[in-house]
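Please open the structure in your viewer and prepare to select residues by number.

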Amino acid sequence: MTSPLITTRFAASSTAADVVKGLDLHGVRAVVTGASSGLGVETARALTAAGASVTLAVRNPAAGANVAAMIEASTMRRPVVTRLDLADVGSITAFVNAWDKPLHLLVNNAGLVTAGLERTMAGRELQFATNHLGHHALASGLHRALAAGAMGRGEARVVALSSTAHMRAGIDFDDLDFDDRPYNPQTAYAQSKTANSLFAVEATRKWADDGITANAVNPGGIVTGLQRNFSEQQRASLNAAEAAGVFTYKTIEQGAATTMVAAVSDEFAHTGGHYLDDCREAYTVPDDAAMADHPHGVKAWALDPALAQRLWTVSNELLSS
């Protein structure tokens, strides 16, 4: 028997501030990646306003310092700023090694889009390496801290930002880095967003006994710095999707609401492996379903337990090679 989808009192028009209103998050330690712009800023601001101790994990510490000052001006609390480059395993290792306290919430918010093929110093395709592999390494490295946070608070959560774009592509395990197939930046981004959802599925399976759950979220269509590197073809595709009704634009505050639901709402306190859209669990559609017909659904390939387990194993192998 299929379990009913998890709903909340929030919806597409809700904001991050709506979700945390009335909550007291004092004592909660949170890390938000990519918190120097867009959704990451609003996520960090909402958490800080509710009392959480927030670390902005950013590639550009100067930009992070500006955000921390802005958040302090509106909340009277200043987040910590720490450098983190998700495309650099050494940077991730340094961040993990420096973290010496329990952690209650990890928001894997950072992401990038490229207009053409770019690779890391290790030769990995940059979108998959940053959006998925880097976050996989970060969460795995912080597992003990999350387990310690769960022991003290009764729960710890990981939130992985996915996207409707996951509907464009599953995981090509035979050519993750586009070594053999023609490069399509939209396909590469879609693969990384499917990977983000599969990460939440397997992280929950592996870590639930430690009190850690992970969920994936689709923030919806938001105008952020993510689009700054779009090619004309990518912009045209986005405009066509909007015209077809695949999505309507939200404000940054509305986009961050679904992240906040996964991060703090009681409905997701002890359950993971879900994909959230518009502040509720999304319905699952077949892998051949058209994105335009199901803009608020999640494809089966993004929640498949066997694929999630395989991706976890492959990700560990890639990170250790």
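With which residue does Glu155 form a salt bridge? The partner is Arg153, and the closest N and O atoms are 3.9 Å apart. A salt bridge here is a side-chain nitrogen of Lys or Arg within 4 Å of a carboxyl oxygen of Asp or Glu. This is a predicted model, in which local features need pLDDT of at least 70 and side-chain atom pairs count only at pLDDT 80 or more, while totals for chains, interfaces and linings use all residues. Residues are numbered from 1 along each chain as its sequence is written, and side-chain values use heavy atoms, with hydrogens and water left out.

Glu155 is buried, at 11% relative accessibility, whereas Arg153 is partly exposed, at 40%. Buried means under 20% relative accessible area, exposed over 50%, and partly exposed in between (1.4 Å probe, protein chains only).

Next, select Glu72 and Arg78. Their salt bridge has its closest N and O atoms 2.8 Å apart. Glu72 is partly exposed, with a relative accessible area of 32%, and Arg78 is likewise partly exposed, at 47%.

Then move to Asp177 and Arg124, whose side chains form a salt bridge at 2.8 Å, N to O. Asp177 lies in the loop between strand E5 (156-161) and helix H7 (185-207), and Arg124 in the loop between strand E4 (105-108) and helix H5 (126-141), so the pair ties together parts 53 residues apart in sequence. Helices (H or I, at least four residues) and strands (E, at least two) are DSSP runs, numbered from the N terminus. Both Asp177 and Arg124 are buried.

Finally, consider the whole model: the count comes to 11 salt bridges.
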